[in-house]
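Look at the structure first, then read on.

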Amino acid sequence: MSVASRSVLNQTSSTSTNPSPHEASAQHQKPYRLERIHLEVTNVCNFKCEFCPDAIMERKRGHMDMALLTQALDEIATHRLARIVAFHLMGEPLIYPHIFKAIALACDRQLNLHLTTNGSTFHIRPRHIEQLVGSGIPKVTISLQTPDPDTFIIRGAPPKLSPEQYFDGITQYVHANLLSESSTRVHLKFLDTTPHPFLVPHKAMHVVEGKEQMQQQLREWCDRLLAALPLDHPERPTEAELTRRLASHKPGRWQVIELTPKLALETFPLDSWGNVESSTVIPASFGYCNGTTDQAGILYDGTVVPCCKDYEGKIPLGNLNNNSLSLILDHQQPACALRQGFDRFQVTHPVCKRCMGADTTQKSLLRQVGSIVYFKLYNPIMKRINPGWGEI
């Protein structure tokens, strides 16, 4: 998520998010170096979504070598480098040839692993349902995004995958997880294209807009997903409680609506990928980003980048094939210089200037001020109130 967008987005939930067992067991150990690290096991994807820059990405396609992945996980675990390890940056992780071995490696090291998937392989490779349910992964986020057949067309899905097959595969996985003894938390993400004065959409598009349309889609998917649980199941919300939770949704904001302890719906506003395709951008000159301070990314070839927005690797901080992650983040000039600039509220790199800017002078100024307000004031306050707030 871009720094500017996060300054104006809220996450709401019917209940507070409790720390995972991995986090609870580590409360009295040294603090994590990063809040999260995005680990790209592959940048190959079987979808070509219009809201994603995959179609314009110029990087060579490939999968992370297992030896390199093991090295990265070992260092992250040994030195507590990240509270959350996310198999997510570009690409579809469930088509990584060694994905379940990779999940097992992370879980064996007691890492708080999150995986983001488009959910397509639940139909294409049905065995993935049982494998993922039994994997022990702490969290799975399904990028449903387009919740009906009419909007599914913008996903660029494989020709033999129909909307009905796609939705049914996701439903089967959620049902299997709900009925299992798995502790995996599953989030279903919905793309909210409600216009917002602070955001610069990657492209103009209409998926789900406004409170009425979004609540209709959320309700339909609630009914579909909760059908696996009997009406008197202790974890299933009552009709009145479900209505109350859905009514709390506000359009144009990042929100989480918890349905059960293992299932939540998440709405996410349409924003840009660093304004890469915007024809007009007023670049930022000041502001704050948590890149290299609270987050970083590792591309499949070992290149370390400051954030999940740098999908092309245009801000290479170093490479794990040559140096350790700790050395790259804390002792080498590229990461240190970038971080020192942000600590002074200075935006120094051209890619960051474009990412934190906007298409009008007023919006650019608001985004720059908003980035400071969000990261330095709003985010710390919200995390003290709810330790699980802001988790993606």
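Q: How many disulfides does a search of the whole structure find?
A: This is a predicted model, and the whole of it was searched. A disulfide needs two cysteine sulfur atoms within 2.5 Å. The number found is zero.

Q: Which cysteine has the sulfur nearest to that of Cys 336, and how far away is it?
A: Cys 336 is in no disulfide. Its relative accessible area is 16%, so Cys 336 is buried. The cut-off for a disulfide is 2.5 Å. The nearest cysteine sulfur is 15 Å away and belongs to Cys 352.

Q: Is Cys 355 buried or exposed?
A: Cys 355 is in no disulfide, and the nearest cysteine sulfur, that of Cys 307, is 6.1 Å away. Buried means under 20% relative accessible area. Cys 355 has 12%, so the word for Cys 355 is buried.

Q: Which residue is the bridge partner of Arg 36 in β8?
A: Strand β1 covers residues 34-39 and strand β8 covers residues 295-298. The two pair in the parallel sense, over four bridges. Within this pairing, the β8 partner of Arg 36 is Gln 295.

Q: Why does Thr 141 count as buried?
A: Thr 141 sits in strand β4. Leaving out residues up to four places away in sequence, Thr 141 touches Leu 115, Thr 116, Thr 117, His 187 and Lys 189. The cut-off for buried is under 20%. Thr 141 counts as buried because its relative accessibility is 7%.

Q: How many residues of β7 are buried?
A: Side chains in a regular strand alternate between the two faces of the sheet. From β7, Leu 263, Leu 265, Thr 267 and Pro 269 point one way, while Ala 264, Glu 266 and Phe 268 point the other way. Both sets are buried. The count for β7 is seven of seven.

Q: Which residue stands opposite Leu 265 of β7?
A: Strands β5 and β7 run parallel, joined by seven bridges. The residue opposite Leu 265 is Leu 188.

Q: Which residue stands opposite Thr 267 of β7?
A: A hairpin of two residues joins β6 to β7. These strands run antiparallel and share five bridges. Opposite Thr 267 stands Gln 255.

Q: Over which residues is the pLDDT below 50, with 59 contacts beyond near neighbours in sequence?
A: The protein chain averages a pLDDT of 89, and 90% of the residues score at least 70. Residues 23-27 stay under 50, with seven contacts beyond four places in sequence. Where pLDDT is low, predicted coordinates should not be read in detail. The stretch with 59 contacts is residues 1-18.

Definitions and conventions
Residues numbered from 1 in each chain as written. Predicted model: local features only at pLDDT ≥ 70, side-chain atom pairs only at ≥ 80, totals over all residues. Heavy atoms only, no water. Pairing = 2+ DSSP bridges. Buried < 20%, exposed > 50% of the residue type's maximum accessible area, 1.4 Å probe, protein only. Contact = heavy atoms within 4.5 Å. pLDDT = per-residue confidence, 0-100.
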